Amino acid sequence: MKKFEERTIQTTPIFDGKVISLKVDDVTLPNGATSKREIINHPGAVAVIAITDDHKLLLVEQYRKAIERSIIEIPAGKLEKGEEPIVTARRELEEETGYTTDDLTFVQAFATSPGFADEVIHIYLAKNLKKLEVAAALDEDEFVELMEVTLEEAEAMVADERIYDAKTAYAILWMKLHQ
C-alpha cells in the first residue's frame with residue numbers, strides 16, 4: 001500500500017458533462033475508517049509560455065465565469081480525446097494568439113487542484129514565434145484579447161491580481177528563473 005493511500009470501496013457517478021464529470025468515492029482511510037471524496041474528472045489541459053523575439057510574454061485576457069471576472073492568462077486549453085499535449089499546445093497558441101511556432105518545448109506538468117480534481121496541465125515553452133497569415137478561429141464561445149508584456153509588467157499584474165491563476169503565476173516564475 002502506498003503511503004496514506006485511500007482505497008476506493010464504491011464510486012457513485014453524479015454528473016457527466018461536456019468538459020468534466022463528478023463522482024463521489026467511498027474510501028477506506030489508512031487508519032481503517034471510511035470517508036467520502038467528491039472528485040472531478042477532467043481530460044487535462046495545456047498552457048503555453050509564449051515568448052516573443054523581444055522577450056515579451058504573450059497573454060490573453062478573458063472572462064472566467066467560475067470566478068465572475070476577467071483575468072489575464074497564458075494561452076491554454078483543454079486536451080481533446082486522444083490528442084497529444086504538444087498538438088493541443090500548438091492549436092491553442094494559434095487560436096488564442098494568432099502566432100505559431102516549430103519551437104515548442106515541454107517544461108512541466110502538474111496537478112491543478114489535487115484536493116478534488118484529477119486535471120493535469122502540461123506547460124510548454126514557445127519561442128521563435130511567427131505571426132499566422134490567416135488567424136486561426138477561436139472556439140465559438142471564446143472571447144480573448146491578446147497582449148504582449150514584459151516580465152516586470154506581468155509581475156505587476158500578479159501583484160494587483162489581474163493575473164490570478166496558478167498556471168500563469170507559474171509561467172512568470174519560470175520566465176524569471178530562466179532569463
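This is a short tour of a predicted model, one selection at a time.

**Stop 1: the main core**

Start with the largest nonpolar core, which has 22 residues. Select Ile49, Leu57, Leu59, Ile74, Val149, Met157 and Ile163, the residues with the most contacts inside this core. Now colour the elements that supply at least two core residues each: strand 4 (45-50), strand 5 (57-64), strand 10 (120-127), strand 12 (145-149), helix 2 (151-159) and helix 3 (166-177). Which helix gives the most to this core? Helix 3 does, with 4 residues.

Stay here and pick isoleucine 74. Leave aside its neighbours within four places in sequence, and look at what isoleucine 74 touches. Its contacts include Ala47, Val48 and Ile49. They also include Leu57, Leu58, Leu59 and Val60. Lys167, Thr168 and Ala171 complete the list.

There is a second, separate core too, with 12 residues. Select Val48, Leu104, Ala126 and Leu129, which are among its members.

**Stop 2**

Move to helix 2. Which of its residues are buried? They are Leu151, Ala154 and Met157.

Next, show what covers the buried residues of helix 2. The cover includes strand 5, strand 6 (69-73), strand 12 and helix 3. Then turn to the face of helix 2 away from its buried side. Glu152 and Ala159 are the exposed residues carried there.

**Stop 3: two positive phi angles**

Just after helix 2, select glutamate 161. Its phi is positive, about 65°, although glutamate 161 is not a glycine. Glutamate 161 sits in the loop between helix 2 and helix 3. Its relative accessible area is 44%, so glutamate 161 counts as partly exposed.

Now jump to histidine 55, in the loop between strand 4 and strand 5. Histidine 55 is not a glycine either, yet has a positive phi of about 65°. Is histidine 55 buried or exposed? Histidine 55 is exposed, with a relative accessible area of 55%.

**Stop 4: aromatic rings**

Show the aromatic side chains. How many aromatic pairs does the structure hold? It holds 2. Select phenylalanine 106 and tyrosine 124. Their rings are 5.6 Å apart, centre to centre, with 75° between the planes. That pair is edge-to-face. Phenylalanine 106 lies in strand 9 (residues 103-111) and tyrosine 124 in strand 10, so the pair ties together parts 18 residues apart in sequence. Check how each partner is placed. Phenylalanine 106 is partly exposed, at 47% relative accessible area. Tyrosine 124 counts as buried, at 8%.

Go on to phenylalanine 110 and tyrosine 170. Why is this pair called tilted? Ring centres within 6.5 Å make a pair, and planes between the stacked limit of 30 degrees and the edge-to-face limit of 60 count as tilted. Here the centres are 5.3 Å apart and the planes stand at 50°, so the pair is tilted. Phenylalanine 110 is in strand 9 and tyrosine 170 is in helix 3, 60 residues apart. Tyrosine 170 is partly exposed, at 22% relative accessibility.

One more ring: tyrosine 164. The charged end of arginine 69 sits over this ring, 4.5 Å from its centre.

**Stop 5: threonine 100**

Select threonine 100, in strand 8 (residues 99-100). Threonine 100 is buried, with a relative accessible area of 15%. Which side chain joins that of threonine 100 in a polar contact of 2.5 Å? The partner is glutamate 94.

Threonine 100 and lysine 130 are 30 residues apart in sequence, but 5.3 Å apart in space, C-alpha to C-alpha. Beyond its neighbours within four places in sequence, threonine 100 is in contact with residues including Arg90, Leu93, Asn128, Leu129 and Leu132.

**Stop 6: glutamate 83**

Finish at glutamate 83, in the loop between strand 7 (76-78) and helix 1 (85-97). Show its side chain together with those of threonine 88 and arginine 91. Glutamate 83 makes a polar contact of 2.6 Å with the side chain of threonine 88. Another, also 2.6 Å, joins the side chains of glutamate 83 and arginine 91.

Key
Residues numbered from 1 in each chain as written. Predicted model: local features only at pLDDT ≥ 70, side-chain atom pairs only at ≥ 80, totals over all residues. Heavy atoms only, no water. Buried < 20%, exposed > 50% of the residue type's maximum accessible area, 1.4 Å probe, protein only. Contact = heavy atoms within 4.5 Å. Polar contact = N/O pair within 3.5 Å; in protein donor to acceptor, adjacent residues only side chain to side chain. Core = buried A, V, L, I, M, F, W, Y, C linked by side-chain atoms within 4.5 Å. Phe/Tyr/Trp six-rings, centres within 6.5 Å; stacked < 30°, edge-to-face > 60°. Lys NZ or Arg CZ within 6 Å of the ring centre and 35° of its normal.
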